Amino acid sequence: MLPSGTYNVRYEQSMAIFRTRAQWILLALFLIALFTVPLYGSRYILSLISMIGITIIAVEGLGILTGYSGQLSVGQAAFVGVGAYTSVICMQRFEMPFLLAILCAGLASGLIGIIFGLAAVRIKGFYLAMTTLAAQFILGWCFLHLRSWTGGTEGLFVKPATIGPLVFASAQSKYYLVMVITVIMIFFAKNLMRTRLGRALVAIRDNDLAAEVMGIDLLLYKLIAFFICCFFAGVAGTLYAEYVEFVNPVQYTLEDSILYVGMLIVGGMGSIMGPIFGVIFMKLLNEGALYLTPILTDMVPALGGAIFSALSTAVYAIVIILFLVFEPKGINYRWTIFKNQYRLYPFAY
Amino acid sequence: MSDIFISSIIYGILIGAVYSLIALGYVVIFKSSKIVSFAQGGILLIGATIAWALLDVVKLPIVLAIIVALIGCAILGLAIERFTLRPIMGQPLLSSVMITVALLWLFDAIAVLTVTGAGRAFPPLMPSGVFQLGEVRISQAQLLVFIIAIILFIIFTIFYRYTKVGLAMRGTAEDHEVIQSFGIKVTNIYSLTWGIAALTAGIGGILMASVLNLNISLELLGWKALIVILIGGLESITGAIIVGPLVGILETLSTVYIDPIVGGGMRDVAPFIVMIIVLLIRPYGLFGLKKIERI
């Protein structure tokens, strides 16, 4: 909805993502704020924001598959893992430059995603979700047992990424690397969903039979959705591997996959802002729970320190339950309502 | 060679019976609400924990302790339905599913707090003897689990086919408005569903805890049971009962015969590979209802 008194008189205006001058100014301010964080932020803040950025890429991909095209996937973490391993193998075995490796990682993830997505030809709904669960277990098994490539349980160490003369070794430089790619990927996702492809995916989500009748090739578009989703996962995986400088099977578990779906649901499905809100909310909640646990253990010392993680998990779970009970449509829905009210302010409609 | 083969098949059937038992809970919930409840694994754990606490800490007699624990499970199921799922009835189903996932995490955490990492020894409930059939040994406890699963299967089948409440539950899954016009309260049906499902999970949890002792990994049974209902079909009680032992056999056989070749871990992967193949041939599971779609 547009602010009062703003009218679209040209086609470009109605197509614009950022329509008014105020929006452009806010965007510029936000980007400036985002890219100046390393000047004053601590290491902790930098790593937190970087992790949020990396997770946003993965969840944004999942949002395209689950939120826009309605194919639930609970294997996203495995595809992130495929990306991470592929990029590391590309860079270390075949000595590819970083930018080529990140592309290879995306493509490898995407192609493996297509293999599992082929099941979507016949399988629908919750059954399909469970074939992606199978992807999670099968790929996880591959990470552990293809030792000569993945290093098995020991994992692989990763050298810092280089683009030309730039070496991304320090926390600040990694932050810039992650943020630039995150912004590009969000921009890409936003625009992709405004094309014929994006609208076809939405049509498939809303009613796949009707979509097919209207001439949308179901198989092709579902596979494209899987490819895009897993491509995002691959990019996120590459960045994750670069950031922690280490890849290991325990980084890509079923728990993470479910957490990605959780972030998407909490944020709100079928929007680009949803995953961003969801990831930020869940990551901050996680940090809060980690911060709260020592205080709780101090209050009830009888329980001892061994239950450290259990308490934070409990707090985490309770907040998610309460949140979903009170706002099952996700944060983005609230945000949209708030924005509309703000724009129409003196009037109630 | 053939002895290993036969004993792994029998062991698989007995393990699979537990999967069937737990899978029944999923099917009951899915049949009336179209929600796949991930919380089953957690309820199972909580049921076992309550039973352990009553037996080992409060020292109630065995029968009383089990009855109280099962009532506790049923109340837990009712509470889940009333306080977390009923408020968002009619909202996107995925939100409900996510709530059950969060409940799983919550119950896990509670169980970790009470059980602690190493697990607890569960007081013996069942005969510890072993039947000897030629070279093959069958533990009596596992046989008992198998028999209980079969009894529950018969009860559920009769319940859904012949009783009024059972039919009302099936109707609720089809269409809320139609069933309401017959004078049946959808909310009551939901409560009942969750009560029964939690009860089943509790039975499974207590039985398994008495065989395997109480520890956090019991929750994994919930995931195994999920594969069972997907191969069998989400709505099918028959499917759950028949496929459970098949998945059990698949696991033991792949542990015995495939693991030495590929280096371990096939136990967890093989059922998934079979699941994909089955779903590609029959997209609604072996015994699931084929959905007829119209525009």
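**View 1. Helices α12 and α13 of chain A pack against each other in this predicted model.** Helix α12(A) spans residues 254-267, and α13(A) spans residues 273-299. Their axes lie 7 Å apart, at an angle of about 115°. Angles from 65 to 115 degrees count as roughly perpendicular, so α12(A) and α13(A) are roughly perpendicular to each other. Their crossing is right-handed.

**View 2. Residues where α12(A) meets α13(A).** From α12(A) come A:G262, A:M263, A:L264, A:V266 and A:G267. They meet residues of α13(A), including A:P275, A:I276, A:F277 and A:F281. By class, this contact has 9 nonpolar and 4 polar residues. It has no charged residues.

**View 3. Helices α4 and α6 of chain A cross at roughly 30°.** Helix α4(A) covers residues 76-93, and α6(A) covers 125-145. Their axes come within 8 Å. Angles under 35 degrees count as roughly parallel, so α4(A) and α6(A) are roughly parallel to each other. The crossing is left-handed. On α4(A), the contact uses A:A77, A:A78, A:G81, A:V82 and A:Y85. On α6(A), it uses A:A135, A:Q136, A:L139, A:G140 and A:F143. By class, the contact has 7 nonpolar, 3 polar and no charged residues.

**View 4. Chain A touches chain B.** Here 37 residues of chain A are in contact with 38 residues of chain B. Helices α6, α10 (208-213), α12 and α14 (308-326) of chain A each supply at least two residues to the chain A side. That side has 29 nonpolar, 5 polar and 3 charged residues.

Note on methods. Residues are numbered from 1 along each chain as its sequence is written. Chains are lettered from A and ligands numbered from 1 in the order in which they are written. This is a predicted model: local features need pLDDT of at least 70, side-chain atom pairs count only at pLDDT 80 or more; totals for chains, interfaces and linings use all residues. Axes are lines fitted to C-alpha atoms, for helices over the stretch in contact, and angles run from 0 to 180 degrees between N-to-C directions. Helices (H or I, at least four residues) and strands (E, at least two) are DSSP runs, numbered from the N terminus. Angles under 35 degrees count as roughly parallel, over 145 as roughly antiparallel, 65 to 115 as roughly perpendicular and the rest as oblique. A crossing is left-handed if the near helix is turned anticlockwise from the far one by less than a right angle, and right-handed if clockwise. Two residues are in contact if their C-beta atoms, placed from the backbone, lie within 7 Å. Ala, Val, Leu, Ile, Met, Phe, Trp, Tyr, Cys and Pro count as nonpolar, Asp, Glu, Lys and Arg as charged, and the others, Gly among them, as polar.
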